[in-house]
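Please look through the model shown here and follow the paragraphs below with it at hand.

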Amino acid sequence: DNVDRQCDSIRQLKLRLMEAGSFNKNENDELIRNSCFYLSLATSYLHGIQAITCNFHGDECECDKSKESESFGCIKPDPLHDADKALQSETALQLKRLIESAVVSSHPEWVAQGKVGEEVQAFSDFLVYVLDSLSMISDWAVVVFDSLSGFVEVYKGKHYHLSEQDEAWSASNTITVRYSSGHYQPLLFVAEEGETKMKGDKELKIEGNEDAFENSCKRPNLKKILDVLDQHNVFYVVTDGSE
């Protein structure tokens, strides 16, 4: 079915689930609940540019025991270093402020209606309001795998491009997350042992987890993801900020 085909595509893309949490803190060091969307975006982005320095391994973690997560694995990270945790938290808060400011600018009535707020759950369709902005999000392609329907939503920023000549740039700006029952989690690329990577002019074999993490720059860009989704007949919709 749709969910099985989506899981097959996730396995082929070598993406793994990570639990990024749902609690953050604001500028006044006050706890903010329901921040999983922004924490997931921040974690996927920071991992893709290799700004998070912890190592990952493919053991199943306690974050999600659902059939969907077990079918393609869940990442259990080593504890984040304090600096990494602070960067993750700060980036998530910046994304929240940026995105929700654009949402409220277009729909100020949503605040009174309880659709936007400090501890109100955000959803991926909020991205529509920043795809053509001057922010870094306009450089991104955010791919949301809905584990309930098996469908995929793609939010492509105005300045994101699929140039084969700039594959590293497009890969680092491709953000992958998973949605399930009101909760978001980052999907991160983790290379498998036995694979190879290039270092200078030498090809090195991946022997362990640290090399696998360092190899995260090889994560798929949007073109690769769409090709794999097509191979598995996964239904997806692209919202393009350049149109």
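L134 is found in the loop between α5 and β6. The model is a predicted one, and in it L134 is exposed, with a relative accessible area of 87%. Exposed here stands for a value over 50%. In sequence L134 and H159 are 25 residues apart, while in space their C-alpha atoms are 9.3 Å apart.

Now take the protein as a whole. It has 243 residues, and buried residues make up 48% of them. Its secondary structure comes to eight helices and twelve strands. What share of the contacts between residues at least 6 apart in sequence joins residues at least 24 apart? The share is 69%. The accessible surface comes to about 11,700 Å², and carbon and sulfur atoms account for 49% of that area.

Just after α8 comes N233, with a positive phi of about 55°. Most residues other than glycine have a negative phi, and two further residues of this model can be read against that rule. K14, which is not a glycine, has a positive phi near 60°. K14 is found in the loop between α1 and β1 (15-18), and it is partly exposed, with a relative accessible area of 22%. S181 is not a glycine either, and its phi is positive at about 50°. The place of S181 is the loop between β8 and β9 (183-189). Is S181 buried or exposed? S181 is exposed, with a relative accessible area of 57%.

The next topic is charge. Side chains of opposite charge can pair when their charged atoms come close. How many salt bridges does the structure hold? There are eight salt bridges in the structure.

One of them joins the side chains of R11 and D8, with 2.1 Å from N to O. Both residues lie in helix α1, three residues apart, which is about one turn of the helix. R11 is partly exposed at a relative accessible area of 35%, and D8 is partly exposed at 29%.

Another salt bridge is formed by the side chains of K25 and D29, at 3.7 Å from N to O. K25 counts as partly exposed, at 39% relative accessibility, whereas D29 is exposed, with a relative accessible area of 55%. The cut-off explains these two labels, because a residue has to be over 50% to be called exposed.

A further salt bridge links R97 with E118, whose closest N and O atoms are 2.8 Å apart. R97 lies in helix α4 (residues 82-106) and E118 in the loop between α5 (109-112) and β6, so the pair ties together parts that are 21 residues apart in sequence. R97 counts as partly exposed at 29% relative accessibility, and E118 counts as partly exposed at 32%. The pair also belongs to a network of salt bridges in which E27, R97 and E118 are linked. The loop that holds E118 is the one between α5 and β6, where L134 is found.

F151, F235 and V237 make a nonpolar surface patch of about 270 Å². V237 lies in strand β12, and it is partly exposed, with a relative accessible area of 42%.

Definitions and conventions. Residues numbered from 1 in each chain as written. Predicted model: local features only at pLDDT ≥ 70, side-chain atom pairs only at ≥ 80, totals over all residues. Heavy atoms only, no water. Helix = DSSP H or I, 4+ residues; strand = E, 2+ residues; numbered from the N terminus. Buried < 20%, exposed > 50% of the residue type's maximum accessible area, 1.4 Å probe, protein only. Salt bridge = Lys/Arg side-chain N within 4 Å of Asp/Glu carboxyl O. Patch = residues over 30% accessible without salt bridge, like charges linked within 9 Å, V, L, I, M, F, W, Y side chains within 5 Å. Areas by Shrake-Rupley, 256 points an atom, 1.4 Å probe, with all protein chains shown as cover. Contact = heavy atoms within 4.5 Å.
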